[in-house]
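I opened this notebook to record what I looked up, beginning with the ligand and ending with the chain as a whole.

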Amino acid sequence: MTQRYPDFIWHNGEIKRWQDATVHVMAHGLHYGSSVFEGIRSYDTNHGPKIFRLSDHNRRLFASAKIYEMPIPYTVDQLNQACRDVLAANKMGQGYLRPIAYRDLGGFGLSADCPTSVAVACWDMGRYLGADVIDRGIDACVSSWQRFAPNTIPAGAKAGGNYLSGQLVAREARRLGFGEGIALASTGLLSEGAGENLFLVFEGALHTPPVSAALLNGITRNTIITLARSVGIDVVERDIPREYLYLCDELFMCGTAAEITPIRSVDGRDVGTGKPGPVTRKIQEMFFGLFNGTTPDTHGWLE
Ligand code: PMP
């Protein structure tokens, strides 16, 4: 199937035709993974199109860039506007936005002070892990690949190079016939999915690995923690051994792309009854309720 692309992209301050937004083959980011990026969703809501937690995402882009000493020649507000502009240029209400800042052409050494280029693309993503998975859930496996150890590559930055790890985890899972792969941290304890955070349900409470477990501190993860606590569901951030994937009552993945995806089995063992459970359903209902108006947006997340 040939991929169809949107017409326009925002690149270094201008809206360009998609095919004109190009990079030199000697750009630093291409060789060394030196880019930082975001994934953001815009939803058609009962109040028109809204971008979910736009400013929080672009603030995280700047946080990732700070870790790598990559100056971004724009402000958060300017990148927020670029996101709105690129959606408008493509006449899209609902869609997935991808801001990316990368070290461009300007030197060959690892520590070269290359100029930072910035682009914002958008496209129609649909359900990232498959059309009906939000409802029925996916079969997952624990990857033979671990996440990177602390003090090697910072998991808290959403940097291009980190996604070499994610690709190994995701491709292995797909090759073996699973919907997604789950990685352990170098400690052997649970970390996260290839591109999603994890929540387990035990006796009605939500448990999720802590940010020290080599994971990206997801904005969806934070959304779920906030929503769950607002209705009196206990949330515990703690180290979780692998076997709890098999012993928990419910399990789901979350992320901007994956939204809230139930996991119905891990490594061939059913999770709970093998069907998405009541806490997962409640979290889905509250999360998707933000967009259909049944969950009040008390935090100003719809921008
Ligand atoms: N972990 C990884 C490795 C990811 O790529 C993502 C997606 N950005 C997440 C977790 C979830 O983060 P968020 O909810 O901010 O999209």
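Which polar backbone atom is 2.8 Å from an oxygen atom of the ligand? I found that this backbone atom belongs to I219. I note at the outset that the model is predicted.

I next looked up the side chains. An N or O atom in the side chain of T220 is 2.6 Å from an oxygen atom of the ligand. For a nitrogen atom of the ligand, I recorded a polar side-chain atom of E192 at 2.6 Å. I counted these pairs as polar contacts because N or O atoms within 3.5 Å of each other qualify.

I then turned to the accessible area of the ligand. On its own the ligand has 380 Å², and the protein covers 95% of it.

I located the ligand in the second largest pocket. Two elements, α2 (54-67) and α6 (219-230), each give two or more residues to the shell around the ligand. I listed 15 residues around the ligand, and those that come nearest are K158, Y163, E192, T220 and T256. By class, I noted seven polar, four nonpolar and four charged residues in the shell.

I recorded 16 strands and eight helices in the protein chain. Along the principal axes, the C-alpha atoms fill a box of roughly 55 × 45 × 40 Å.

How values were computed:
Residues numbered from 1 in each chain as written. Predicted model: local features only at pLDDT ≥ 70, side-chain atom pairs only at ≥ 80, totals over all residues. Heavy atoms only, no water. Near = heavy atom within 4 Å. Polar contact = N/O pair within 3.5 Å; in protein donor to acceptor, adjacent residues only side chain to side chain. Areas by Shrake-Rupley, 256 points an atom, 1.4 Å probe, with all protein chains shown as cover. 1 Å grid on protein atoms, 1.4 Å probe; cavity = no way out; pocket = protein on both sides within 12 Å on 5 of 7 lines; lining within 4 Å. Sits in = over half its atoms within 2 Å of the grid points. Helix = DSSP H or I, 4+ residues; strand = E, 2+ residues; numbered from the N terminus. Nonpolar A, V, L, I, M, F, W, Y, C, P; charged D, E, K, R; others polar.
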